[in-house]
Each structure stands twice: as C-alpha cells, then as structure tokens.
Amino acid sequence: MPRDFEAHRPRLRALAYRMLGSRSEAEDVVQDAWLRWQAADQAQVEDPLAYLCRATTHLCLDLLQSARARREQYVGLWLPEPIVDEAHHSYGAPNPETVLGHYQQLSLGFMWALQQLSPLERAAFVLHDVFEQPFDEVAQTLGRSSAACRQLSSRARKQLQAQGYGAEDTAAAPADTRMQALLEAFAQALASGELGALAELLTQDVRLCSDGGGVVCAIPAPLLGRDRVAQALVAFARTWQRDAGAQALHPAWVNGAPGALLWNAQGVLEQACALEWDTQGRVRGIYFQRNPQKLAALTTTPAPGSRG
C-alpha cells in the first residue's frame with residue numbers, strides 16, 4: 001500500500017468531486033487531507049488509503065453541512081462545475097469496471113442526481129458503489145453500523161435508478177467515430193430547425209437542465225419531455241444563429257460526455273453543454289452550465305477553426 005500521498009491524490013480528488021460537485025472545493029478538501037496526513041503519525045497508520053478516504057469524506061461532510069444554507073439560497077437549478085476535455089482526468093472513475101461505468105460516474109446528469117441525495121446517502125453510495133469499499137470500511141468512515149450504511153446505499157441507489165441511473169439504463173459513451181456522427185446529426189437537426197428531425201434524436205423522457213446561478217439567464221427548473229425540449233433547443237439555436245458572427249462554438253468532451261463550448265465576442269466562455277446518450281444512441285439528457293463562477297476555472301480558449 002503506497003504511503004506517498006501523491007499516489008492517492010487522484011482517488012481523493014475523484015471522491016471529493018463526487019461528494020461536492022465542485023472541482024475547486026474538491027481541491028481544497030484534498031489539500032486539507034494532505035495537511036492532516038502531514039500531522040499524523042504515519043508510521044502508526046496501517047492503511048494510508050483508508051485513512052485518507054476517511055479524512056476526505058469527513059471534510060466533505062463538514063463542508064456540505066456548512067454550505068447547506070448557501071445551497072438552499074442558490075438561484076435556479078444547481079449543476080456541478082464542469083470538467084472539459086478530461087475524460088481520463090484524475091477526477092474520473094477510480095476503476096472503469098465499477099457498477100455504473102466511467103462515463104456514467106462523471107456525467108453532469110449523474111453528478112446532478114448525486115446532489116439530490118442526502119450527504120450521508122451520497123457518501124455511502126460513492127464509497128461503496130463507486131469506489132467499491134466493503135460496507136465494514138464504509139461503516140468505519142461514517143461512524144455507523146454496516147447495516148445502516150447498507151441501507152443508506154440502497155436508498156441512494158433506488159433514488160438514482162428513479163432518475164434513470166441504473167447499470168442497465170445508461171449507455172457508455174459511444175466510440176469517437178460513432179459519437180462524431182451522432183453529434184453531426186444533432187447539429188444538423190438544430191440548424192434546420194425541424195422539430196420532427198430533432199425530436200427523433202431525443203428520448204421521450206429527455207431532460208434539459210441549465211444553471212445560471214442567478215447571474216445569467218437560465219431555465220429555472222428541469223425541462224422534461226421530447227416536445228418541450230425540442231422546442232427549447234430550436235429557440236436556442238435560432239438565437240445562436242442570429243448572433244453567430246459574435247460567437248465561437250467548439251465541440252468538446254464535458255465530464256466525459258460529448259458536448260460543446262460557446263464563447264462570446266470578447267473571448268469569454270459563456271457556457272459548457274454536455275449531452276447524455278441512451279443505449280439506442282438517442283439524447284436522454286442535455287446540461288448547460290452558464291454560471292460564470294463555475295466556468296471561470298476552465299482554462300480552455302476558442303480553438304482555431306471554431307464556428308463563429
């Protein structure tokens with residue numbers, strides 16, 4: 001078992017990001033875990049990774065408790081901070097073979113669904129179902145019995161399945177070649193403004209979510225259903241086409257899923273969009289992150305050849 005903190009940092013960041021939905025807060029938590037590790041009698045720590053996971057989980061739970069009022073006062077729909085072009089980044093899955101798979105564990109839809117759980121449900125689920133810790137270890141981390149942790153994880157799993165995040169419900173990200181074809185078909189449907197063509201690419205229960213943080217315009221609640229989402233997308237496409245000369249659009253991987261980034265004329269990133277697919281290659285979720293504070297950490301810039 002490595003005793004070098006850096007060997008465990010990627011796993012700790014992945015844990016903290018899933019717990020918090022914020023990459024900046026996840027980095028702060030991991031740094032605090034490092035400080036605790038430095039202050040500990042490391043020679044007496046039998047399992048460094050277990051120790052560090054417990055420390056990280058407790059720091060996340062403490063932060064969630066202190067941030068509860070702030071989250072409750074958040075304007076509109078809350079979505080996680082996006083990670084762009086980092087499908088294999090250390091925020092990703094610790095093991096691609098875990099129950100929901102690499103893509104599902106990092107997608108904005110799954111991350112948003114995680115945030116609907118209570119902090120303890122989220123912790124039990126992430127530790128056991130995502131990071132594959134035995135319930136005995138989860139119990140030690142959360143200070144509860146194994147039976148209680150099993151129940152917490154079970155409740156979380158049922159809630160996630162109700163949102164469509166069961167192992168059988170969500171497809172892995174398609175291969176790059178198939179993804180390119182799907183994205184082109186989606187873009188053509190948007191450009192044509194044909195609701196019928198666009199609707200054919202959407203699942204019946206497709207969901208559209210948008211986070212503006214009360215700073216910029218955004219849809220205040222999830223928009224559900226093929227017809228409503230198609231109409232909203234066509235309206236957005238018309239607005240974008242009208243202002244296309246002042247904007248740049250570039251395809252990108254957002255949280256391990258295909259999507260796009262949109263810049264304004266000043267070169268400021270205005271939004272990150274991620275698409276979520278089902279097993280038949282249809283779009284089942286569309287997520288727009290528009291909150292400038294959550295986009296500020298992205299260092300990407302418009303690429304040469306971006307549409308504008």
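What share of the contacts in the protein chain with a separation of 6 or more is accounted for by residues 24 or more positions apart? In this predicted model, the share is 66%. The protein chain holds 13 helices and 6 strands. Of its 308 residues, 51% count as buried. The chain exposes about 14,000 Å².

The largest nonpolar core has 60 residues. Helix H1, residues 5-20, gives the largest share of this core, with 8 residues. Six residues have the most contacts inside the core: Met19, Leu114, Phe125, Leu142, Leu160 and Leu261. Met19 was then followed to its partners. Residues up to four places away in sequence were not counted. Met19 touches Cys60, Leu61 and Leu64, and also Gln115, Pro119, Arg122 and Ala123. Another core lies apart from the largest one and has 20 residues. Among them are Phe186, Leu198, Leu202 and Phe288.

Is Ala257 buried or exposed? The relative accessible area of Ala257 is 3%. Buried means under 20%, so Ala257 counts as buried. Ala257 also illustrates a pairing across the sequence. Ala257 and Ser107 are 150 residues apart along the chain. Their C-alpha atoms, however, are separated by 6.3 Å.

Definitions and conventions: Residues are numbered from 1 along each chain as its sequence is written. This is a predicted model: local features need pLDDT of at least 70, side-chain atom pairs count only at pLDDT 80 or more; totals for chains, interfaces and linings use all residues. Side-chain values use heavy atoms; hydrogens and water are left out. A nonpolar core is a set of buried Ala, Val, Leu, Ile, Met, Phe, Trp, Tyr and Cys residues joined through side-chain atoms within 4.5 Å. Buried means under 20% relative accessible area, exposed over 50%, partly exposed in between (1.4 Å probe, protein chains only). Helices (H or I, at least four residues) and strands (E, at least two) are DSSP runs, numbered from the N terminus. Contact means heavy atoms within 4.5 Å. Accessible areas come from the Shrake-Rupley method with a 1.4 Å probe; for residues, only the protein chains shown count as cover.
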